[in-house]
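Please open the structure in your viewer and keep the selection tool at hand.

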Amino acid sequence: MSGAVAPDLIQPVVGFRKWRVVRDHLTSPYIPLRWDEPVIEARCFPANRSLMFGAGWLEEPHAAPHPHCQCGVYAWHRLPPFAAIPDPDRAFGVVALTGRIEVHEDGMRAERAAIRALGYAPNLGARHRETMRSIAAGLGVELVTEDSLPEAARHFGGPVPAELLPAAA
């Protein structure tokens, strides 16, 4: 996985994330991390080292993200396509990334992420919308339809500048 460290930028870098919805809160989809606050600081959790049999994870303590580890708060450059089968236990949103950022072809890993907007899927019904409304209110973030997330993102920062994106492999 090739990456580049972005230089200091004037505005936050905006990306898109996916979470799991567990009862009344968001969690990371792959590690046991609740997103109870609108801002998350990345850490390399010792439990991560057992993921994928430890491949890609550093053993020694370090600041996240690290160029030789897979740690950091993940975000995509673009909103990924939605699954053909709706999943009421997932949520997509906009995050503003700050601090150190490892830039990769399809996304990035950051030191810090602030949730700026959450999306709800209108086709999942009123219960899903109310759950997402409650989560967004608790975090103090905007709630929009999922397909409006790219437009909402423009209000919170900008994408990684094109000249800092790695060339496609």
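Predicted model: local features only at pLDDT ≥ 70, side-chain atom pairs only at ≥ 80, totals over all residues.

Residues are numbered from 1 along each chain as its sequence is written, and side-chain values use heavy atoms, with hydrogens and water left out.

Read from the N terminus on, the elements follow the order β-β-β-β-β-β-β-β-α-β-α. Of the 169 residues, 45% count as buried, a term that stands for under 20% relative accessible area with a 1.4 Å probe, protein chains only.

Next, select Leu-26, Trp-35, Leu-97, Ile-115 and Leu-118, the residues with the most contacts inside the largest nonpolar core, which has 31 residues. A nonpolar core is a set of buried Ala, Val, Leu, Ile, Met, Phe, Trp, Tyr and Cys residues joined through side-chain atoms within 4.5 Å. Among the elements that give two or more residues to this core are β7 (90-103), β8 (107-120) and α1 (125-139), and β8 supplies the largest share, six residues.

Now centre the view on Ile-115: leaving aside residues up to four places away in sequence, Ile-115 touches Trp-19, Leu-26, Trp-35, Pro-38, Val-94, Val-95, Leu-139 and Val-141, where a contact means heavy atoms within 4.5 Å.

Is β8 largely enclosed by the rest of the structure, or is it open? Because 12 of its 14 residues are buried, β8 is largely enclosed by the rest of the structure.

Colour the partners of β8 one after another, bearing in mind that two strands pair if DSSP finds at least two bridges between them. Strand β5 (residues 39-41) pairs with β8 in the antiparallel sense over three bridges, and here Val-39 stands opposite Ala-114. Strands β6 and β8 also run antiparallel and are joined by four bridges, with Val-73 and Ala-110 as bridge partners. Nine bridges join β7 to β8, again antiparallel, and a hairpin of three residues leads from β7 to β8.

Finish with strand β9 (residues 142-145), which pairs with β8 in the parallel sense over four bridges; Tyr-120 has Thr-145 as its bridge partner there.

Definitions and conventions
Buried < 20%, exposed > 50% of the residue type's maximum accessible area, 1.4 Å probe, protein only.
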